[in-house]
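This report is meant for a reader who is meeting the structure for the first time. Please look over the sequence and the model before reading on.

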Amino acid sequence: MRIQTILAHPLPQSFAAAVHGTAVSALRASGHEVMETDLYSEGFAPALTVTERASYFSPDYDASAVAELVERLRWSEGLVFCYPHWWFDQPAILKGYIDRVWGPGIAFRHDRDGGRILPLLTGLRTVAVLTSFGSPWWLAELYMRNPARRILKKGVLAACAPQARLRYLAHYDMDRSTDVSRKRFLGRVDGAMRRLA
């Protein structure tokens, strides 16, 4: 499978980067064709531009500033997002990636008559999220109800790639993590990526 990994963390020595590296190694060892995207090291600017917003509802959305990332998205049969949750949400750079790259004519099409959007990422088969929370499981999942996961699943993927299967793996209580808990999570990442299909 053609899989794009997307890292969203500014520090190359971060745990998110270690998770990303583990995922890439496991995916390649399993025979997948992997394309790596590191939003911070590539200098991705997350803010929607004036041109992009002005053309959002026109017949031709102007994605020229993110054309390379659009091609990577269209190439992908699978996506693996690696990022930490900050304030119970994805980093701003990753939200900006969705805003700018998953645009009209790319990830979806406006249905002017029906007032809804129609999916265009029909070749995207699987999406995996490998993430962490500073908070414990009960706070992220029971109290906050994990808003970022709900938005990705019921908002973004349901609209743009409803056929894509979502896999979600999180290391909770990262603020009190240990070498043992981090190593255990990396083992889970390795196993999950080797089984990705």
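What follows describes the annotated region, the salt bridges, the aromatic pairs and some individual residues.

The structure is a predicted model, in which local features need pLDDT of at least 70 and side-chain atom pairs count only at pLDDT 80 or more, while totals for chains, interfaces and linings use all residues. Residues are numbered from 1 along each chain as its sequence is written, and side-chain values use heavy atoms, with hydrogens and water left out.

## The annotated region

According to the UniProt record, an unreviewed entry, the annotation "domain: Flavodoxin-like fold" covers residues 1-136; UniProt positions are given here in the numbering of this report, feature names are shortened, and annotations may be inferred rather than shown by experiment. Helices (H or I, at least four residues) and strands (E, at least two) are DSSP runs, numbered from the N terminus.

## Salt bridges

Side chains of opposite charge can pair when their charged atoms come close. A salt bridge is counted here when a side-chain nitrogen of Lys or Arg is within 4 Å of a carboxyl oxygen of Asp or Glu, and a search of the whole structure finds 13 of them.

| Salt bridge | N to O distance |
|---|---|
| Arg 72 and Glu 42 | 3.0 Å |
| Glu 68 and Arg 72 | 2.5 Å |
| Asp 173 and Arg 176 | 2.5 Å |

The salt bridge of Arg 72 with Glu 42 ties together parts that are 30 residues apart in sequence, because Arg 72 lies in helix α3 (residues 67-75) and Glu 42 in the loop between β2 (33-38) and α2 (50-54). Accessibility is described with three words: buried means under 20% relative accessible area, exposed over 50%, and partly exposed in between (1.4 Å probe, protein chains only). Arg 72 has a relative accessibility of 9% and so counts as buried, whereas Glu 42, with a relative accessible area of 38%, is partly exposed.

Arg 72 also meets Glu 68 in a salt bridge, and both of these residues lie in helix α3, four residues apart, about one turn of the helix. Glu 68 counts as exposed, because its relative accessibility is 54%. In the bridge between Asp 173 and Arg 176, Asp 173 is partly exposed at 25% relative accessibility, and Arg 176 is exposed with a relative accessible area of 54%. Elsewhere, a network of salt bridges links Arg 2, Glu 77 and Arg 125.

## Aromatic rings

Rings of Phe, Tyr and Trp (its six-membered ring) count as a pair if their centres lie within 6.5 Å, and planes under 30 degrees apart are called stacked, over 60 edge-to-face and the rest tilted. The structure holds seven such aromatic pairs. The ring centres of Phe 44 and Tyr 97 are 6.4 Å apart and their planes stand at 70 degrees, so this pair is edge-to-face. It links distant parts of the chain, with Phe 44 in the loop between β2 and α2 and Tyr 97 in helix α4, 53 residues apart. Phe 44 counts as buried at 10% relative accessibility, and Tyr 97 counts as buried at 0%.

Tyr 56 and Phe 108 form a tilted pair, 6.2 Å centre to centre with 50 degrees between the planes. This pair, too, links distant parts of the chain: Tyr 56 is in the loop between α2 and α3, and Phe 108 is in strand β4 (residues 108-111), 52 residues apart.

A charge is said to sit over a ring if NZ of Lys or CZ of Arg is within 6 Å of the ring centre and within 35 degrees of the ring normal. Arg 53 lies over the face of Tyr 56, at 5.3 Å from the ring centre, and the charged end of Arg 149 sits over the ring of Tyr 168, 4.5 Å from its centre.

Gly 96 is found in helix α4 (residues 92-101) and is buried, with a relative accessible area of 2%. Leaving aside neighbours within four places in sequence, Gly 96 is in contact (heavy atoms within 4.5 Å) with Phe 44 and Pro 46.

His 85 lies in the loop between β3 (78-84) and α4 and counts as buried at 7% relative accessibility. The side chains of His 85 and Thr 131 are joined by a polar contact of 2.8 Å, a term for a pair of N or O atoms within 3.5 Å, where within protein one must be able to donate a hydrogen and the other to accept it, and residues adjacent in sequence count only if both atoms are side-chain atoms. Not counting residues up to four places away in sequence, the residues that His 85 touches include Gln 90, Asn 146 and Tyr 168.
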